[in-house]
Amino acid sequence: MAAETTCCPGAGWVHVADLGHAGGIDCVLVRCSACKRSWLHLWTPHASGERYAALADAAALELAATPAGPDRKRKLLELLDL
Ligand SMILES: [Zn+2]
């Protein structure tokens, strides 16, 4: 998944779900408050900086519907291409 800049400059983020860690990266499912597009907010406590990665609606729904555990971690790792 390529890193992208965010979609709507100045728009806020709506928190959807904490997805936990994958590959040492904290993943939070968020949604743009302006266009409702789903994004992954990625950050790590071990480095400064953070990034957002665009997420297809289907992938966002699937992640939100998957309970915490190995399945969700595997999906995150696939999405993040780690
Ligand atoms: Zn947007």
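L61 lies in helix α1 of this predicted model, where helices (H or I, at least four residues) and strands (E, at least two) are DSSP runs numbered from the N terminus. L61 is partly exposed, with 13 other C-beta atoms within 10 Å; a residue is buried if 20 or more other C-beta atoms lie within 10 Å of its own, exposed if 12 or fewer, and partly exposed in between, with C-beta atoms placed from the backbone. From C-alpha to C-alpha, L61 and G23 are 21 Å apart in space, and they are 38 residues apart in sequence.

Residues are numbered from 1 along each chain as its sequence is written. Because the model is predicted, local features need pLDDT of at least 70 and side-chain atom pairs count only at pLDDT 80 or more, while totals for chains, interfaces and linings use all residues.

**Overall fold**

- The chain has two helices and four strands, and from the N terminus on its elements run β-β-β-β-α-α.
- The radius of gyration is 12 Å, which agrees with the value near 12 Å for a compact globule of 82 residues; the radius is taken over C-alpha atoms, and the globule rule is 2.2 Å times the number of residues to the power 0.38.
- Along its principal axes, the C-alpha trace of the chain spans about 35 × 30 × 20 Å.
- Of the 82 residues of the chain, 18% count as buried.
- Among contacts between residues at least 6 apart in sequence, 38% join residues at least 24 apart; two residues are in contact if their C-beta atoms, placed from the backbone, lie within 7 Å.

**Sheet**

- The four strands form an open sheet in the order β1-β2-β3-β4, with antiparallel pairing; two strands pair if DSSP finds at least two bridges between them.
- β1 and β4 (50–54) stand at the edges with a single partner strand each, so one side of each has no neighbour in the sheet.
- Neighbouring strands are turned by 25° against each other on average, direction ignored; axes are lines fitted to C-alpha atoms, for helices over the stretch in contact, and angles run from 0 to 180 degrees between N-to-C directions.
- Eight bridges join the antiparallel strands β1 and β2, and C27 in β2 is the bridge partner of G20.
- Five bridges join β3 to β4, which also run antiparallel, and W39 stands opposite A54 in β4.
- α2 lies across β1 and β2 and runs at about 105° to β1.

**Turn and loop**

- β3 and β4 form a hairpin with six residues between them, and G49 in the turn has a positive phi of about 95°.
- K36 is in the loop between β2 and β3, and has a positive phi of about 70° although it is not a glycine.
- Most residues other than glycine have a negative phi.
- K36 counts as exposed, with 11 C-beta neighbours inside 10 Å.

**Nonpolar core**

- The largest nonpolar core has 14 residues, of which L19, C27, L29, L40 and L76 touch the most other members; such a core is a set of buried Ala, Val, Leu, Ile, Met, Phe, Trp, Tyr and Cys residues joined through C-beta atoms within 7 Å.
- At least two residues of this core come from each of β1 (13–22), β2 (25–32), β3 (38–43), α1 (57–65) and α2 (70–80), with β2 supplying the largest share, four residues.
- Not counting residues up to four places away in sequence, L29 touches V16, A17, L19, S38, L40, A60, L63 and A64.
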